[in-house]
Amino acid sequence: MNLLANLGFFDQNDEEHLAATIHGPSVYSDNPQERIQARRLRIAARQEARRREALGEYLDGKKESEEEQSKSYKQKEESRLKLTKLLLCGTELVTNIQVATDIREIHRRVEEEEVKRQRLEKLENEVKTSQDKFDEITAKWEEGRQKRIPQELWEMLNTQQLHCAGLIEDKNKLISELQQARGCSRRGELKIKDDQFVKDLKKQSDDISLLLERMEEQVKSVMKNFRQELMQIEKAFESERQELLSNNMKKWERALQGHNAKELEYLINRMKKVEDYEKQLNKQRVWDCEEYNTIKIKLERDIQILEQQLQQMKATYQLNQEKLEYNFQVLKKRDEESTVIKSQQKRKLNRLHDILNNLRTKYAKQIKQFQEENQTLTSDFKRLVGQFKELQKAMRHFAIIDAEKFREIWLMNEEEAKVLVQRAFDVDKVISSQHLGLPWKMPDFWFLKNVGPISMQQQKSATQILEELLLQTEEDETEETSEDESYMDLPKQVSAKTTKKILMLLCDESGFLIESKLLSLLLPLEKNECYLLRLDAIFSALGIESEDDLYKLVNFFLRYRSHRLSSIQYSTSTQTERTSLISTMERMSLLSQTDRKSLVSKSEVDSMVLPEDLPEDDNESLVSKELREESLASPKLIHPNDVLKILEAFVMGLKKPNLVLTQRAKLLMENDSLEEQNAEMQSLLQQYLQAKVNSELQIPPTQSFRMPTK
Amino acid sequence: MHDPPATSSHPGSRTSMYNVQRQHSGLGGVSSATQAAKTSPSHAPGHLKSKIPSNRRMRRIISEDAEWTLAIVPLLTELCIQHIVKNFQNNPILKQLLPQHQQKVLSHLPPDLPLTVTANLIDDENYWHRCCIKRWPVCHVAKHGGSWKRMFFERHLENLLKLFIPGTTDPNVILDLLPLCRNYVRRIQVDQFLPPVRLPTPPQGDEQSDSGSDGEGNEPEKDHYQLEALVAGLKHLEELDLVYGVKDCGMNFEWNLFLFTFRDCHSLAATIKACHTLKIFRLTRSKVDDDKARILIRSLLDHPALEELDLSHNLIGDRGARAAAKLLSHSRLRVLNLANNQLRAPGAQSLAHALAHNTNLVSLNLRLNCIEDEGGQAIAHALETNKCLTTLHLGGNELSEPTATVLSQVLPINTILTSLNLSCNHIGVDGGKQLLEGMSENKTILEFDLRLSDVSQESEYLIGQALHANREAARQRALNPGHFMTPITNNGPENSVA
């Protein structure tokens, strides 16, 4: 009960606390002051709780709780105490009877004992006296035995008899007394006892009835009291509940009022908000309406535009259709035309084929002819070469003699010149030292020390130069000066570097001149060595032997380049002659044997294309020039006129096939152009066929309607 | 009768049903009943089913036989049950039936069926309730463990034993009952044993003392019923409550009607020794003197189950008390009642000696003896060391101040004793004051009876106050065993709220 009451109390407490928290300053309030206050309160409460805990003052709390215990608890306690008291008293009242009988019994027992004791005492006394008397009597029996006189004996016997009678009488008296005591029970003691028994019985029955009565009464009263107490407890509970209810009701009402106020506030806020929203909504609606209208107008306009576009599209469609129809017609016609052209071309091709075959036959004939001519010419040439060699021998012989003569004359003249120079120097010395007062210095001219003809310098072989060149270029450009010194003949514009470059190019380009075996052997070698050996091989193949030849070659290339650039300017320098001669010679020899195109080397294609592009006179003149210049440059052992004649004849002979070839070339070019035209026509046709317009034409008009909407 | 064939079939079925009924009533045999029981599920439902729809279809049938309705005809199961009930005595069918039918049968069985039929067959409490109500107008079933069946058999046996006259009544009357009631009887409570009737009643002399001496001389002939065989047969016997005496003898009172002979005593001793389930043994108002008490108690030594021994209202003296004291240390006795005997100081001293180191005895009753101060002091001293005695009754024992002084010293020490009765003694005013002193330091005693013991009212009142305080404390303890926990738990929510 206590626990329950406590619980109830704590519930109340809780509620109060809750109420306090509701109505007191809240931590979640909007007002900062209030919040601070609330926090302070909370902290204070916590501290208080901690302090209480620390001091172990729960007893205090208990006391408080007992003080504030509810009415019902008090009532319960009260009634409980009352009832326990009632029960105790009742049981005491009931058991009192038992106790009373107990004590009566004890008293009875004590009395009985007393009586018994008295009785026993009496008996003992009697026994004593009777024993005395008996002893007396027995003593007298001895006395009597000693008596001899009968009278005395009789007398004594009489007295004994009297004594015995007295003893017996005493005994009888006692017995009668006891009997009387018993006999009196009829009248006296026993009767009293009987009466007492009857009384006791009555008393006991009374007691029992009393006991029953009391028990019943007890039961009744207890029931009554319990009922009353129950009623009272119920009442107390009822009142407490009423109180609690009223309290709760009040609290509830308070809370409800607060709630209502808040609700009202919220409602007002809400209404305001609603109004605001309504205004906003209206604004929004108007705005939306406007926007809607504008959009609508815009869209309508768009529709109109699109319709227009559609119309346009339709028009274009029709237009396109017409155009396409027209195109189609045109294409048809063109096709027809092209078929016609095709047939014409075919015919033409056939004709040209015929011509080609004729020409081929002619060509073969001419080749034969030329071979024959060549044979005759070669035999002539051999003969001429023999003559030339003989002439050379003679020329050498004369040349050596001439050279000696020349040397002698040179030496003689030189001496004369030197003397003259010495004289001039002396004069100059005198003039400058004596007249001018200047210190005179002997000018150092190379020709002063020179002995013999100037041009007599030993020529190096081409390979040696190459070696040097490569090594030098490898080293440094600073040494170019020394190079310049060493290669006097080298034209100034040609540097060692450029020569090297040219040679490298030559080496790379004219790999066909090198034997494949050599190439395979050269593979593992170093770069420079490889180049050297290659160039060696190339030069040997080209027939370049001396230094001059090499430089001529270089110069030729340079010239050629400049010639190519200017396209008209031709190098007429004598340095190129040698190589060009060789190339022309070679070319001539090769032309006579095989098809020109297949055999022409890459390096020579450039030179070969040249004459083709150029007018024939130029070519001829070039060749003739070359030949002429060569002949001029070459030692004049062979009569130049003879050679010229030969060459002219040669040139004349060459002109014929050249003409044919040029004609053929023209025809080929024509053929090519025709084929090109055909291809163009075909591609055009293809274009027409695959043109977008066709695909567009295939698109159904519904789609073209949609297009403007996009 | 231009009825369709369906109608013609109905009367036939009806007659067949009546036939079955007739069979029931007529034969009433086992076979017929079982036959009916067997046939009933196959026949009856079929008829009913065929009848109801045809009824609806053809109302004419009802118009032909206006009296006939289904309500009149009892169900066959009902009939069978009636039959079974009627013939239950001859043919008890119960266990084979369905539960609901069993219930019906049991509710209709007459309560006067022979026990040979019902005893081991029927366990239904309602039936035995009816039996009990019919036989005895007042029934306290709570006194019999709440079981009506047990109550029936116990009271039946009690009645038989009460009216058993040795020599004239056939002992088989009781022994026949034994197999029937052995499982149910737990207590035998007999408050009278009739002596054997002497047919040639000797002419009673005028003097009662003669007859008393004669009775003593003829003692062997006056033995009562020997319980040995009966008790040996009862498996669950726990309580034996006997009074060797005669009730309602009225004016035929004779002293020898109330004799507890030595042979009775010996046989009873053997009986209780053999009964290992016995927990409570009561032998009151039976003139048990020292010797007989010693015989009985010797047989009870080291008894495995005995918890309560009641020998109140006898003639036991100090020797008997000494034997009881020995029993205290040789058994697990919890309650000893020697009220209204002839104990004196030596007996009380021997009991006190046993009590000092006993660990079983809870209650000791020495009411209406005469142990006097010597015995009282001895018992009070024994309470110093005893750790289990809670109830002590020393009412009406001629105790006086010295005992009170010793008790006042003991009371603050003892924390076990809860009930003490010193009523009807001569404690006196000073003794009362001393007891008050002792009580003021005791916190356990809840009842302290000092009525009619010459104690001043003031001290009695003050002792009453102390008792009240003790009771309140005990009540608190009983309500919340974790007394020291509650304040903390109560503080818990407070803290959390704060």
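Modeller: Buried means under 20% relative accessible area, exposed over 50%, and partly exposed in between, with a 1.4 Å probe and protein chains only. This is a predicted model, in which local features need pLDDT of at least 70, side-chain atom pairs count only at pLDDT 80 or more, and totals for chains, interfaces and linings use all residues. Residues are numbered from 1 along each chain as its sequence is written, chains are lettered from A and ligands numbered from 1 in the order in which they are written, and side-chain values use heavy atoms without hydrogens and water.

Biologist: Is A:L267 buried, partly exposed or exposed?

Modeller: A:L267 lies in helix α6 of chain A, residues 189–435. Because its relative accessibility is 47%, A:L267 counts as partly exposed.

Biologist: What average pLDDT does chain B have?

Modeller: The predictor's confidence in each residue, from 0 to 100, is called pLDDT. It stays under 50 over residues 1–54 of chain B and over residues 200–220 of chain B. Where pLDDT is low, the predicted coordinates should not be read in detail. In chain B, 78% of the residues score at least 70, and the average is 79.

Biologist: Which residues touch the most other members of the largest nonpolar core?

Modeller: A nonpolar core is a set of buried Ala, Val, Leu, Ile, Met, Phe, Trp, Tyr and Cys residues joined through side-chain atoms within 4.5 Å. The largest has 116 residues, and those touching the most other members are B:I188, B:F281 and B:F448.

Biologist: Which residues does the second, separate core include?

Modeller: This separate core has 13 residues. Among them are A:L503, A:L506, A:C507 and A:A537.

Notes: Contact means heavy atoms within 4.5 Å. Helices (H or I, at least four residues) and strands (E, at least two) are DSSP runs, numbered from the N terminus.
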